[in-house]
Amino acid sequence: MQAETQAETPAPVVSTGIKYEVNIDAPKELEELLEKNLDLMRFRGNIRMDRDQLFRLVRTSPEQIRTLVATAGYYAPEVSVKLDRNVTPLVVQVKVVPGEPVRVGEVEIVLQGFSPNPDQRASNQFNADALKASWPLKRGAVFRQDDWEASKRAILRQVVQTRYPRAQLLESQATVDPEARQANLRVVLDSGPELRFGELRIEGLKRYPASVIANLNQIEPGDYYSEAALQSYQSRLQDTGYFSSVEVSADMSAILNEQLEAAATPAPGAEPGTPAVPLPRSDNAATMAPLPLLVRVTENKRKNVSAGLGYSTNTGNRASLTYDDLAIFGLRLKSALTLETKRQTARGDFYFPVTSDGYNHSIGASYERSDIEGETTAVSSIAAKRAWGTPLLERSLSLELLSETKTVQGQPSVTSKSLPLTYAVTWRKVDNLLMPTKGYALNAQVGGALLPILTDEAFVRAYTRGIFYLPLNTTSNIILRGEVGGLGSRDKVGVPAVYLFRAGGDQSVRGYAYQELGVKQGEATVGGRYLATASAEYQYWFKPQYGAAVFYDAGNAGDSFSALHPKSGYGVGARWKSPVGPINVDVAYGHAVQKYRLHFSLGFTF
C-alpha cells in the first residue's frame, strides 16, 4: 500500500504598501492647496509605496511645497518636512510658514490696434481706457497664479465678445522680485481687425417660413460684432419651439472664401498670367468686410403628441394629453386636454410668427369646468392676445369673450357673459430665471369690461403680485411673497368667477385647501372683490442641491377691506434644486381650520 502526499502551494504574498500619515501645519489656504497637490498626499495608500520611495518623497517635498505655495503668492516660505519613524503608522510632519506674500507692483497694459474709427461719433468708439481700468489684478493685490491667469482671460474675453473677435494676447509677462516681494506685470493685447455684421443667411430651413427666423433678428447689417447679440438671437429662436437645435454665428469662412477667390482673379484688362490685384490689408487698424450672420437650424418634427399622469395638492389627480402642430396655414397650434379631480380643461391656441417689430400674436379658444369649495363653474372663451418684450420685461394685451355658467350649492345656476380687455406686464430682475436666488419678479394686471357690449355686468379689475429673493450668505436666503387685488362693479352677479378673488393653496396661503379662503355663501366659498396675501420663508441649504425651509403665510379674500382679516398658516418644508427647477414639499398648519396640509409645487411661478 502506497501513501500519496501532496504539498500545499503557499498563497501569494500581496503587498499592501507602507502605511503613513501626513500632518500639515499651514494656513488654511495653503493647507488645502497642499492636500490637493502634494505627492505625499497623493501616494498615501498606494500598494506600491515602499520605505525607500517614502524617504525619497520626504527629501523632495520641500522643493515641491515651495513651488506650490509660490502659485498662491508666497515666494520665500519656511518649509520643514520631517518623518517620525518611532510611531506606527509612520507620520510625516509638514510645516509651512509662508511669510509675507508677493504683491502686484507696476501693471503695464499695452493695446495694439484699437484705432479710432473716423466714421463713428465719439460715443460709438471703443473705450480703450475703460478696458485698461477693468483689469482685475490691481496694484497691491496678492500675486496668485490663478488670479494672474484669470485676469488675462477676463481682459481678452471682454474684447473678443465685442467688435474684435480675433483679438489675441501677444505677450504676457510677470517679473517677480522675491526680495522686494513685488511682481510687475506686462500684457500686450492686439485687437485684430474690427468686425461688423452683414446680411442674414439661413441653413437647414425646410418646413417653416423664413419669416420665423428673420422676424426675430434684431441685428442690423453694419452693427458691430457682439457675442451677446448672437446669444440673445439664438435664445429667441430656441424659444419658438420650431427647432430642436439652433446655432447663430458670424460666418468668418464666407469672408475668407471671398478673399481667396478675389486673390485668384486677375485685374480687369490684365494679360493672362498677370498677378491678381492685391487685397486690402487686414492689419490691426483695418476693418474687414461685413461678416454674414449665419443661422443654422435643425427643425423639430411638425407634429407632436404627448400624454402624462400626475397629482396636484391643489386640484387632485391629473391626466393630460397635448397635441402640437407647427405648420397649420403658416400658424403654430398648441392644444391640450387636462382632466383633474377638481378641474377639467380643453384649449387650443394658434400662434402667428413673431412680427419684425417683435410682436407675438395669438388667438385661441378654451373650455373649463371646475368644482371647488362648493362652487361649480363652466366657462367657454375665445381670446386674442398680443405679447411683446423680453424675459426681463414682458407685456401683453388680451381681449377675451367669456360665457360662464355658475352654480353654488343649493342655489339656481346663473349664466353670464363678458368681454374684458386686460393689460399685463411682468418685470424680472433675478440672477437665474430657472432657479433664482437673488432679485425680484413683479407682475401687474389692469383691465375689465367697461362697455355694455356682450357684457352683462361692467367691471374694472387690478391685481399685482411680487416675489423677492434675499440671499443672507452662501447657505441661506429669505423669500418674501405678496399679492393684492381689487375689483369694482355695481354688482358681483354677472362678473365672471375667474375675475373674482380667492386665496389658499400651494402658491397662496399654505395650510389651507386650494381657494378655500373667500366669501362664504352657505356651505360654499365663492370669490370676493378684494385680495391680500403675504408670505415670508427662510431657506437653509445644507448641501448645494438640498435644503430645508420654515415659512409663515397669511391672507384672505373678501367683499370688503374689513373682511380681509388674515388667516395664517405656517410650517416646514424640504427643497430640491432639480434639473427642471426648484421642487418644494411643505407641511403647513392652517391656524384658522386647525389642520395640517401637505403642499407640493414645482418651479419658479412667474
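A: What follows is an account of the salt bridges, with the strands and the sheet around them.

The model is predicted. Across the whole structure, a search finds 26 salt bridges.

One of the pairs is Asp-553 with Arg-481, whose side chains meet at 4.0 Å from N to O. Asp-553 is buried, with a relative accessible area of 0%. Arg-481 also counts as buried, at 19% relative accessibility, because the cut-off for buried is under 20%. Both residues belong to a network of salt bridges that links Arg-481, Arg-510, Glu-537, Asp-553, Arg-575 and Asp-586.

Asp-559 forms a salt bridge with Lys-492, and their closest N and O atoms are 3.2 Å apart. Asp-559 lies in the loop between β25 and β26 (567–578), and Lys-492 in the loop between β21 and β22 (519–521), so the pair joins parts 67 residues apart in sequence. Asp-559 is partly exposed, with a relative accessible area of 32%, whereas Lys-492 is buried at 18%.

Strand β21 spans residues 476–489 and includes Ser-476. Ser-476 is buried, at a relative accessible area of 4%. A polar contact of 2.9 Å joins the side chain of Ser-476 to the side chain of Asn-473. Leaving aside neighbours within four places in sequence, Ser-476 is in contact with Pro-471, Tyr-538, Gln-539 and Tyr-540.

Another salt bridge pairs Arg-163 with Glu-194, the closest N and O atoms being 3.9 Å apart. Arg-163 sits in the loop between α5 and β5, and Glu-194 in the loop between β6 and β7 (197–203), so parts that are 31 residues apart in sequence are tied together. Arg-163 is buried, with a relative accessible area of 11%, and Glu-194 is buried at 4%.

The strands β5 and β6 belong to an open sheet of three strands, in the order β4-β6-β5 and with mixed pairing. β4 (103–112) and β5 (168–177) are the edge strands; each has a single partner strand, so one side of each lacks a neighbour in the sheet. On average, neighbouring strands of this sheet are turned by 10 degrees against each other, direction ignored. β5 and β6 (residues 182–190) run antiparallel and are joined by nine bridges; the bridge partner of Gln-173 in β6 is Arg-186. Helix α5 (residues 145–160) lies across β4, β5 and β6, at about 155 degrees to β5.

Key: Residues are numbered from 1 along each chain as its sequence is written. This is a predicted model: local features need pLDDT of at least 70, side-chain atom pairs count only at pLDDT 80 or more; totals for chains, interfaces and linings use all residues. Side-chain values use heavy atoms; hydrogens and water are left out. Two strands pair if DSSP finds at least two bridges between them. Helices (H or I, at least four residues) and strands (E, at least two) are DSSP runs, numbered from the N terminus. Axes are lines fitted to C-alpha atoms, for helices over the stretch in contact, and angles run from 0 to 180 degrees between N-to-C directions. Contact means heavy atoms within 4.5 Å. Buried means under 20% relative accessible area, exposed over 50%, partly exposed in between (1.4 Å probe, protein chains only). A polar contact is a pair of N or O atoms within 3.5 Å; within protein, one must be able to donate a hydrogen and the other to accept it, and residues adjacent in sequence count only if both atoms are side-chain atoms.
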